[in-house]
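The following report describes a single protein chain and is meant to be read beside its sequence and coordinates.

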Amino acid sequence: REPPGHARLCEQPGGVSTGHPDTLTSVNNLAALIQAPGKLAEAEPLYRRALVGRKKQLGASHPNTLTSVNNLATLLKAQGKLAEAEPLYRCALAGREKQLGA
């Protein structure tokens, strides 16, 4: 059963912007949930939305953006799209090395 007010919250126009970092975390989490049972094609646009939004709101080198890069790469790998996944993994690694050290 959904919590009270759930439907109203989800239907509310003019709520939190889709570009807000907290909203993007929710988008990313929903993608992970959808991916878990193997709904890869359904999860991909959500991961892409989270990545684009995080890059815009937080910057390309922010740890949350790098997590989105890595998450999309993992999804693409699971889909067998290795040529698309590799540059994303390399990007995430380079960004994390720069931010956190090698």
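The text below moves from the chain as a whole to one helix and then to individual residues.

**Overall architecture and confidence**

The model is predicted, and its mean pLDDT is 85, with 82% of the residues reaching 70 or more. Confidence is lowest in helix 1 (residues 6–11), where the mean is 41, and highest in helix 4, where the mean is 96. Over residues 1–17 the pLDDT is below 50, and beyond near neighbours in sequence this stretch has three contacts in the model. Where pLDDT is low, the predicted coordinates should not be read in detail.

The chain contains five helices and zero strands, so that, by definition of the helix runs, the elements read α-α-α-α-α from the N terminus on. Of its 102 residues, 29% count as buried, and the accessible surface comes to about 6700 Å², of which 56% belongs to carbon and sulfur atoms. Among contacts between residues at least 6 apart in sequence, 46% join residues at least 24 apart.

**Helix 2 and its buried side**

Helix 2 spans residues 21–35 and has 15 residues; from its first C-alpha to its last it reaches 21 Å, close to the 21 Å expected at 1.5 Å a residue. Which residues of helix 2 are buried? They are T23, L24, V27, N28, A31, I34 and Q35. These residues cover an arc of only 140° around the axis, which puts them on the same side of helix 2. An α-helix has 3.6 residues a turn, so residues three or four places apart point the same way. On the other side of helix 2, D22 and L33 are exposed. The cover over the buried residues of helix 2 includes helix 3 (40–58) and helix 4 (63–78).

**Three residues in their surroundings**

Two of the residues considered here, N28 and Q35, lie in helix 2, whereas A60 is placed in the loop between helix 3 and helix 4. The table sets out their relative accessible areas.

| Residue | Relative accessible area | Class |
|---|---|---|
| N28 | 8% | buried |
| Q35 | 17% | buried |
| A60 | 49% | partly exposed |

N28 counts as buried because its relative accessibility of 8% falls under the 20% cut-off. Not counting residues up to four places away in sequence, N28 touches Y47, A50, R54, S68 and N71.

Q35, likewise listed among the buried residues of helix 2, is in contact with L40, A43, Y47, T74 and L75 once its neighbours within four places in sequence are left aside. With Y47 the side chain of Q35 forms a polar contact of 2.8 Å. Q35 and L75 are 40 residues apart in sequence, while their C-alpha atoms lie 7.8 Å apart in space.

Leaving aside its neighbours within four places in sequence, A60 is in contact with K55, T65 and L66. The C-alpha atoms of A60 and A92, which are 32 residues apart along the chain, are separated by 9.6 Å.

Notes
Residues are numbered from 1 along each chain as its sequence is written. This is a predicted model: local features need pLDDT of at least 70, side-chain atom pairs count only at pLDDT 80 or more; totals for chains, interfaces and linings use all residues. Side-chain values use heavy atoms; hydrogens and water are left out. Helices (H or I, at least four residues) and strands (E, at least two) are DSSP runs, numbered from the N terminus. The expected span of a helix is 1.5 Å times one less than its number of residues. Buried means under 20% relative accessible area, exposed over 50%, partly exposed in between (1.4 Å probe, protein chains only). The arc is that of the directions from the helix axis to the C-beta atoms. Contact means heavy atoms within 4.5 Å. Accessible areas come from the Shrake-Rupley method with a 1.4 Å probe; for residues, only the protein chains shown count as cover. A polar contact is a pair of N or O atoms within 3.5 Å; within protein, one must be able to donate a hydrogen and the other to accept it, and residues adjacent in sequence count only if both atoms are side-chain atoms. pLDDT is the predictor's confidence in each residue, from 0 to 100.
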